[in-house]
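Hello,

Here is the structure I promised to pass on. Please open it first and read my notes beside it.

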Amino acid sequence: MAEDKIVRRRAAVQQEDALLSDKEVARLEAAEQAETQRLNRKAERLAELERDSVTFNIAKNLKKYLDDYYLDPLIGLIPVVGDSINGLIALPMLWLALVRLKSIPLALAIIYNLTLDFLLGLIPFFIGDLIDLFNKANKKNYRLVMGFVEEDKKIMREVNQKAVGSAIGIAVICWIIYLVASWISELTQTILNAIQTA
C-alpha cells in the first residue's frame with residue numbers, strides 16, 4: 001500500500017516536472033542560485049563579524065550574561081544608577097547598528113528598546129526590576145542585530161516600517177523619564193525639607 005503511494009507520488013512529480021517550461025526551470029534554478037549566494041553572504045558576514053568585531057562578541061556576551069543569567073535586573077536594583085549602567089553596557093549593540101550595519105532604523109529600534117528598559121527600571125518598589133526579568137531588551141536587540149546580519153527580510157522590513165514609530169516612542173519615553181525624574185527630585189526635596197523642619 002505504501003509502495004503504491006510512493007509510485008503514484010513519483011509519477012505525479014514526474015508529470016509536474018514535464019509541465020515546467022524551460023523558462024520556468026531556468027527561473028527556478030536562478031532563484032535557487034540567488035538563495036545559495038545569499039546564504040553564503042550571510043555566513044561570510046557572520047564569520048567576519050565574529051572574527052573581526054570585538055563589539056559583536058561583546059554584544060553577544062552581553063545578551064547572554066545580562067538577560068540569560070538575569071544580571072540586568074540585578075544591576076537594576078541599584079535605583080536609577082543601575083538602570084543607567086545597563087543602558088551604557090548595551091551601547092555595543094548601538095555601535096553595531098550604526099557603524100557596522102549602517103542602519104539608522106535598526107539604531108532607532110535598539111534605542112527604543114533601551115529607553116523602554118530604562119523606563120521600566122524606574123518603576124519603584126522592585127516592580128520595575130521584576131518586569132525587567134521578562135522584558136529582556138538585550139535579547140530583543142541581539143535578535144534585531146542578527147536579523148540584519150543574516151539579512152532576514154522579515155526582521156529588516158519590520159524594523160524599517162517601525163522606524164518613525166520608534167523615533168516617536170523614544171521621544172515619548174524620554175519625556176516620561178523626565179517627568180518621573182522630576183517627580184522623584186521633588187519628592188526627595190519634600191522629604192528632605194520635612195526632615196530638616198522636624
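Residues are numbered from 1 along each chain as its sequence is written, and side-chain values use heavy atoms, with hydrogens and water left out.

**Confidence**

The average pLDDT of the chain is 82. That score is the predictor's confidence in each residue, from 0 to 100. At least 70 is reached by 91% of the residues. Helix α1 (residues 2–19) has the lowest confidence, with a mean of 67. Helix α10 has the highest, at 90. Where pLDDT is low, predicted coordinates should not be read in detail. Helices here are DSSP runs (H or I, at least four residues), and strands are runs of E (at least two), numbered from the N terminus.

**α9 against α10**

Two packed helices are described by the angle between their axes and the distance between the axes. Helix α9 covers residues 137–149 and helix α10 covers residues 153–161. They pack at about 115°, and their axes are 8 Å apart. Axes are lines fitted to C-alpha atoms, for helices over the stretch in contact, and angles run from 0 to 180 degrees between N-to-C directions. The crossing of α9 past α10 is left-handed. That term applies if the near helix is turned anticlockwise from the far one by less than a right angle; clockwise gives right-handed.

Which residues meet? From α9 and α10 respectively, they are Arg-143, Leu-144, Gly-147 and Phe-148, and Ile-155, Met-156, Glu-158, Val-159 and Asn-160. Contact means heavy atoms within 4.5 Å. By class, five of these residues are nonpolar, two polar and two charged. Nonpolar covers Ala, Val, Leu, Ile, Met, Phe, Trp, Tyr, Cys and Pro; charged covers Asp, Glu, Lys and Arg; the others, Gly among them, are polar.

Buried means under 20% relative accessible area, exposed over 50%, and partly exposed in between (1.4 Å probe, protein chains only).

Lys-63 also lies in α3. It is buried, because its relative accessible area is 17%. Setting aside residues up to four places away in sequence, Lys-63 touches Asp-68, Met-93, Asn-138, Lys-139 and Tyr-142.

Lys-139 belongs to α9. It counts as partly exposed, because its relative accessibility is 34%. Beyond its neighbours within four places in sequence, Lys-139 contacts Lys-63, Asp-67 and Asp-68.

**Positive phi**

Most residues other than glycine have a negative phi. Lys-136 is not a glycine, yet its phi is positive, about 50°. It lies in the loop between α8 (127–135) and α9. Glu-151 is not a glycine either, and has a positive phi of about 55°. It sits in the loop between α9 and α10. Is Glu-151 buried or exposed? Glu-151 is buried, because its relative accessibility is 17%.

Helix α6 (residues 91–100) has these buried residues: Pro-92, Met-93, Leu-94, Leu-96 and Ala-97. Lys-102 follows α6 and has a positive phi, near 50°.

**One exposed leucine**

Leu-88 is in helix α5 (residues 81–89). It is exposed, because its relative accessible area is 59%.

Best wishes

Technical notes: This is a predicted model: local features need pLDDT of at least 70, side-chain atom pairs count only at pLDDT 80 or more; totals for chains, interfaces and linings use all residues.
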